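We will go stop by stop.

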Amino acid sequence: MVKKIMHDPLFLAQKSVDATEADKQIVTDLLDTFRANLEHCVGMAANMIGVKKNIIVVAAGPFQFAMINPVITKKSGAYQTEEGCLSLKGVRPCTRYQEIEVDYLDQNFKKQHGKYTGWTAQIIQHEIDHCNGIVI
Ligand SMILES: [Zn+2]
């Protein structure tokens, strides 16, 4: 189901907790909401639809995928950039890493490990920040 986008900075500043299989509907709702907002964003975190769980969704070309309880295990190649956010107006400076490795669960709650570079890596870092209560 498509949900409303949360803009409350106090809510967005709170840390999310790990999701369990009982949260499968939230994963579906987040993907639905993300797909309804693809013109405006390249990723979303569950707290952006008002749910403080560690679930993010990321665009990769024509596809969108979910990462549940994502943890960055390696990062390299720091650089400075600027990002915007669906929950904010304007852009802000931030530090990102060119290459990251991530442990996460897929939509079926199977353990996965992925290596990401460039744009996809940047989106994942932005969305994981949301899970930690960091808005850019
Ligand atoms: Zn954002």
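Which residue of strand 2 is the bridge partner of Met-44? Select Val-57: that is the partner. Keep in mind that this is a predicted model.

Stop 1: Show strand 1 (43–45) and strand 2 (55–60). They run antiparallel, joined by three bridges. Ile-55 stands opposite Ile-68 of strand 3. Two residues separate strand 2 from strand 3 in a hairpin. Pick Gly-61 in the turn; its phi is positive, about 60 degrees. Then colour strand 2 by accessibility: five of its six residues are buried.

**Stop 2: the core.** The largest nonpolar core has 39 residues. Select Met-44, Ile-55, Ile-56, Met-67, Tyr-116 and Ile-124, which touch the most other members. Helix 1 (9–12), helix 2 (24–36) and helix 3 are among the elements that each supply at least two residues of this core. Centre on Met-67. Beyond its neighbours within four places in sequence, its contacts include Val-58, Val-102, Tyr-104 and Leu-105.

**Stop 3: the zinc ion.** Display the ion and its protein donors: Cys-85 (SG), His-126 (NE2) and His-130 (NE2), at 2.0 to 2.2 Å. Their sequence spacing is C-x40-H-x3-H. Check accessibility last. Cys-85 is buried at 10% relative accessible area, and His-126 is buried at 7%.

Technical notes
Residues numbered from 1 in each chain as written. Predicted model: local features only at pLDDT ≥ 70, side-chain atom pairs only at ≥ 80, totals over all residues. Heavy atoms only, no water. Donors = N, O, S within 2.8 Å, 3.2 Å for Na, K, Ca; no water. Buried < 20%, exposed > 50% of the residue type's maximum accessible area, 1.4 Å probe, protein only. Core = buried A, V, L, I, M, F, W, Y, C linked by side-chain atoms within 4.5 Å. Helix = DSSP H or I, 4+ residues; strand = E, 2+ residues; numbered from the N terminus. Contact = heavy atoms within 4.5 Å. Pairing = 2+ DSSP bridges.
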